[in-house]
Amino acid sequence: MIPIVKPFFPNPEELMPALEEVIYSGYVAEGEKVYEFEKLFSQYVNNPYAVSLNSGTAALHIALLLAGVGEDDEVISTVLTAEPTNVAIKLVGAKVVWADVTAHTGLLDPQSVRSKITSRTKAIMLVHYAGMVCDMDEFDKISNEYNIPIIEDAAHALGAKYNGSPVGSNSDYTVFSLQAIKHMTTVDGGFLTVKKEAQYNKAKLLRWFGLDKKLPRLENDIKFPGYKYHMNNVNATIGIIQMRHIREVVNKYIGNGKYFDSSLQSIPGVKLLKYNENTEPSYWLYTMKVDNREGFIRMMNENGISASELHLRNDRHSLFAESQTDLPVFDKFYEKMVHIPCGWWVSQEDRERIVDVIKRGW
């Protein structure tokens, strides 16, 4: 079976000596390996203010805190995402306000978001779902017009671009996941990138109880409470080795995605998505719409190819009962949305077979 998701790890001859060295070095907590990994990641996303964390959820939580979101505030978000995006909003005591999506991407619709803004709106949570990038031209305008910060959830979008620059270098806050099945994994982990040095320094305090790691422990003075969200040297060592391969790995996702964009056109029952202007997706999943989705998934599975909608729409969870609203565009999009494999493990032969199987119909 060709899976939809699969972790990439470098060969053991390359990875294991580095891991053995750090594990038996006598120091496995946050240290120089973490800071080396942060420098490499900063270079990749073209942003000097990149803070490593032990999960993407920790990055979401800190981003919301830095944005000043708290009790009784509202954050506009999407139902089309993995649950941590919206659970993190509840963690800070705010209300999730769902906006609708565009029919051609499934990503948040700027006009719908604009209609949801109130005096209580403290942030807009954009999810670059499946590696596609939201309409940043319009969302940057909205952010500036209303003075509301944008948090980009780029857990699926490492390597994607907006206006030719890497996602992570544009908005006030961008969140990445290094969880088990993402473009790059450190077994688990995450990154938060910010635009201002003061926010960068505060994020580093928040990830370690409020303690300043630059100062000796006995000279510290905690001024606000933080969390145990730091990355350790072991996970960072995996990240350092992964960074040697990240461009090649992401390019395989993109190459397969572009192949499907070209080869799946004009097939009866298939509707391809239209990406936003000035954006370049990194295709963590290949997403499209199909008629008779249940029959399509069954046919693909019978041919040894995984296909799935993968994520449960978040408004099905009781936690978000107070956020219920009509989302007519999303309702129609979700009925037909499906993902097919497109990652680094999909070979030329695999992708040709995937297209051939789909062309035979279901």
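**Helix contact, cysteines and loops**

Reader: Where does N278 lie?

Author: N278 lies in the loop between β10 and β11 (279-280). Helices (H or I, at least four residues) and strands (E, at least two) are DSSP runs, numbered from the N terminus. This is a predicted model, in which local features need pLDDT of at least 70, side-chain atom pairs count only at pLDDT 80 or more, and totals for chains, interfaces and linings use all residues. Residues are numbered from 1 along each chain as its sequence is written, and side-chain values use heavy atoms, with hydrogens and water left out.

Reader: Is N278 buried, exposed or partly exposed?

Author: N278 is partly exposed, at a relative accessible area of 38%. Buried means under 20% relative accessible area, exposed over 50%, and partly exposed in between (1.4 Å probe, protein chains only). Phi of N278 is near 65 degrees, a positive value in a residue other than glycine.

Reader: And what is phi of S266?

Author: Phi of S266 is near 60 degrees, again positive in a residue other than glycine. S266 sits in the loop between α9 and β10 (270-272) and counts as exposed, at 76% relative accessibility.

Reader: Switching to helices. At what angle do α9 and α12 cross?

Author: The axes of α9 (residues 246-263) and α12 (residues 348-359) cross at roughly 30 degrees and come within 11 Å. Therefore α9 is roughly parallel to α12. Axes are lines fitted to C-alpha atoms, for helices over the stretch in contact, and angles run from 0 to 180 degrees between N-to-C directions. Angles under 35 degrees count as roughly parallel, over 145 as roughly antiparallel, 65 to 115 as roughly perpendicular and the rest as oblique.

Reader: Which residues make the contact?

Author: From α9 they are G255, N256, Y259, F260 and S263, and from α12 they are Q348, R351, E352, I354, V355 and K359. Contact means heavy atoms within 4.5 Å.

Reader: What comes after α12?

Author: R360 lies in the segment after α12, and R360 is exposed at 58% relative accessibility. The C-alpha atoms of R360 and P268 are 9.9 Å apart, though 92 residues separate the two along the chain.

Reader: Are the two buried or exposed?

Author: C134 is buried, with a relative accessible area of 0%. C342 also counts as buried, at 1%.
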